[in-house]
Amino acid sequence: MNSASLAASLSTNASDKVDPLVHEPSDRLLTIDDIARWFGVSRAWVYDHTTRKRPLLPCIRFGEMTRFRRSDVFELLFD
């Protein structure tokens, strides 16, 4: 691959942009920042909805880390 074709393949414009949260491999756990960006809300909103007595967002906790399975979030949104 020459430098011109490499540059062309790396160039982006509005039509080339893809939402990485929807089109990434599904085995990657999402962070609070990922969910906030995906939903268009603040990190505080996401954190609030994961720490309630009856959380609205299903999550996985590793000590102080909070992660989300993409499939759980899709199920919440589309079920």
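**Helix α3 and its surroundings**

Helix α3 is followed by Gly40, whose phi is positive, near 75 degrees. This is a predicted model, in which local features need pLDDT of at least 70 and side-chain atom pairs count only at pLDDT 80 or more, while totals for chains, interfaces and linings use all residues. Residues are numbered from 1 along each chain as its sequence is written, and side-chain values use heavy atoms, with hydrogens and water left out.

Helices (H or I, at least four residues) and strands (E, at least two) are DSSP runs, numbered from the N terminus. In α3, the buried residues (under 20% relative accessible area, with a 1.4 Å probe and protein chains only) are Ile32, Asp34, Ile35, Ala36 and Trp38. The helix spans residues 32-39. Asp34 has a relative accessible area of 6% and therefore counts as buried. The side chain of Asp34 is joined to that of Arg28 by a polar contact of 2.9 Å; such a contact is a pair of N or O atoms within 3.5 Å, and within protein one must be able to donate a hydrogen and the other to accept it, with residues adjacent in sequence counting only if both atoms are side-chain atoms.

Next come the aromatic rings. Trp38, Phe39, Trp45, Phe74 and Phe78 are linked into a cluster by ring pairs. Rings of Phe, Tyr and Trp (its six-membered ring) pair if their centres lie within 6.5 Å; planes under 30 degrees apart count as stacked, over 60 as edge-to-face and the rest as tilted. The count by this rule is four aromatic pairs.

Phe62 belongs to strand β1, residues 60-62. Its relative accessibility is 40%, so Phe62 is partly exposed, a class that lies between buried and exposed (over 50%).
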